[in-house]
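Take a walk through this structure with the sequence at hand. We will stop at a few residues and look at their surroundings.

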Amino acid sequence: MENKIASLHTDIDSVLNNYDFDFSQVEVTTLGNGHINNTYKLATPDFEFVLQQINHDIFPKTVELSCNAQKINLHLLAQKNRGNYPLRVPGQVLTKAGETCIKIGANYWRLMEFISGSYTLEEVESTEQAALVATAFAQFSCALSDFPVNDIAVIIEDFHDISFRMSQLKEAVDNNHQDRLADCQALVNFCFNQQDFINHVVDISKKLPLHVTHNDTKINNLLFTAGDKPCAVIDLDTCMPGLLMHDFGDMVRTCCSNLAEDDTSTEKMVLNLDIFTALIQNYQNTFGDKMTALEKESLIVGAKLLPFIIGTRFLTDHLNGDNYFQVSRENHNLDRAISQVQLYSLVCEAEPELVKLAQ
Ligand code: GN1
Ligand code: MG
C-alpha cells in the first residue's frame, strides 16, 4: 500500500512538471466517487486544481476525450459571453506544450480548474433542488444545441445502445468465466425477458435527433456552491452524440430513488414522484421549443432505459469478474445490478402516473 502511494506521488510529480505552476507545496487528496477514473484535488498556497488519471483501458481515445472537452468548454464559454449560459465552465489547464492531456508511462492525466468552495452532492434532498438539477443539465444541453454534433469524437462506441449492451450480457452469460451465473440466473432471465421494451427503445431511438449529450448526468456530476445551487456541469468524459432521453433518464435514475445506486435494501426502494415532476417539468421548460414532441415523449422511455441499461452493465461486469467498474466489496456489481433493475421495475410500474406528471 505504501509503495502504491509513493509511486502515485512520483507519477503526480512527473505530471505536474509539465505545467507552468509552482507545485512545490502541494497537498493531494482524493476527490469524488467515480467508478472509472482516479480524481484528486491539488491545493497549493495559491491555487486549487483537479487532477485526473484517465483509465486508458476504458477510454483508449484519451486524447480525443480531452479534445472533446476542450471544444465543448470553448463553445460553452462563447455562449456564456453571449448571455446564453449561466453556469461556470471549469477549464482544462494546458500543459507547457499546449496539450489538453499528458501521458506519463502508461497513464494519461489531465489538470482542470477547481471552482473554489464548490462541492458535489450524492442525493437530491428537495423538489426545489431537483428543479435546479434538471434546469442545470438542460441549460448545458441547450447551450450545446447549436454545436455541430459530428465535430465531437465518439469516445465509447454504442455507449447507450441497448442491443449492444444486451449482446455483451449474453456473451458474459455464455462464457460464465467466474462461475457466478447460478447466483444471478433469475436476474439474467428478467433482463432477457424485457424484449418488448428493448424493441420499443430501438424503434424510438431511430426517430430521435442527435444532440451533444453528457451521457453521465448523475447528480454527483454537478458542482454546487453555497446554498446548494448548481454552478457547473462536470465529468465531460462521455460527452458524445446522443439522445436527450439518455441524459434525462440518468437524472431520474440518480434523483428519484430513495436509495443509493449500490444500496442492498432494495425492498425499501420507493420512487419519489414529486422529484420526478420537478425534474421533467424543469427539463422540458428549460428546453422550450428546442425539444420536439417526440423527444418529450421519449423522456419517459429514458427514465426506464437508464436504470435498465446500467443495471445490465453492472450485471455483465459482475459475470465477467469486475473488470470495468471499480468495486469495493464482494458482489458490489451484483448489488448495483439488483438495485438498478429494481428501480427499472418501479419506473415501469409508475409509468401511467409519470406520463400524467409530465403534462
Ligand atoms: C460510470 O465513473 P463514473 O462514475 O463517472 C460509467 C457511467 C455509469 C456510472 C454509474 C465511462 O461513471 O456510464 O452510469 O459509472 N462511465 C463509463 O454510476 O462507463
Ligand atoms: Mg462519468
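**Salt bridges, a ligand and a buried arginine**

At 52% relative accessibility, D174 counts as exposed, because the cut-off for that word is over 50%. Keep in mind that this is a predicted model. D174 has a partner. Its side chain meets that of K170 in a salt bridge, with 2.8 Å from N to O. Both residues lie in helix α4. They are four residues apart, which is about one turn of the helix. K170 has a relative accessible area of 43%, so this residue is partly exposed.

How many salt bridges does a search of the whole structure find? The search finds 10. Another of them joins D237 and R110. The closest N and O atoms of this pair are also 2.8 Å apart. D237 sits in the loop between β9 (229-233) and β10 (240-242), and R110 sits in strand β6 (residues 107-113), so the pair ties together parts that are 127 residues apart in sequence. Are these two residues buried or exposed? Both D237 and R110 are buried.

Now look at R329 and D262. Their side chains meet in a salt bridge of 3.9 Å, N to O. This pair, too, links distant parts of the chain, 67 residues apart. R329 is in the loop between α9 and α10, while D262 is in the loop between α7 (244-255) and α8 (273-287). R329 is partly exposed, at 36% relative accessible area. D262 is partly exposed as well, at 24%. Salt bridges can also share partners. D250, R253 and E261 are joined into one network in this way.

E261 leads us to the ligand. Which residues are closest to ligand 1? They are D216, K218, E261, R313 and Y324, out of 17 residues that surround the ligand. In the side chain of E261, an N or O atom is 2.6 Å from an oxygen atom of ligand 1. The side chain of R313 also has an N or O atom 2.6 Å from an oxygen atom of the ligand. For D235, a polar side-chain atom lies 3.0 Å from a ligand oxygen. How much of the ligand does the protein cover? On its own, ligand 1 has 440 Å² of accessible area, and the protein covers 96% of that. Helix α9 (residues 293-320) gives the most to the shell around the ligand, with three residues.

R313 takes us on to R165. R165 lies in helix α4 (residues 162-175). Leaving aside neighbours within four places in sequence, R165 is in contact with D158, F159, I309, T312, R313 and T316. R165 is buried, yet it has no salt bridge. How far away is the nearest side chain of opposite charge? That side chain belongs to D161, and it is 7.8 Å away. A salt bridge needs the two atoms within 4 Å.

D158 lies in the loop between α3 (127-143) and α4. Its phi is near 55°, a positive value in a residue other than glycine. D158 has a relative accessible area of 36%, so this residue is partly exposed.

N331 is found in the loop between α9 and α10 (332-357). At 32% relative accessibility, N331 is partly exposed.

Methods: Residues numbered from 1 in each chain as written. Chains lettered and ligands numbered in written order. Predicted model: local features only at pLDDT ≥ 70, side-chain atom pairs only at ≥ 80, totals over all residues. Heavy atoms only, no water. Helix = DSSP H or I, 4+ residues; strand = E, 2+ residues; numbered from the N terminus. Buried < 20%, exposed > 50% of the residue type's maximum accessible area, 1.4 Å probe, protein only. Lys, Arg positive; Asp, Glu negative; His and termini not counted. Contact = heavy atoms within 4.5 Å. Near = heavy atom within 4 Å. Polar contact = N/O pair within 3.5 Å; in protein donor to acceptor, adjacent residues only side chain to side chain. Areas by Shrake-Rupley, 256 points an atom, 1.4 Å probe, with all protein chains shown as cover.
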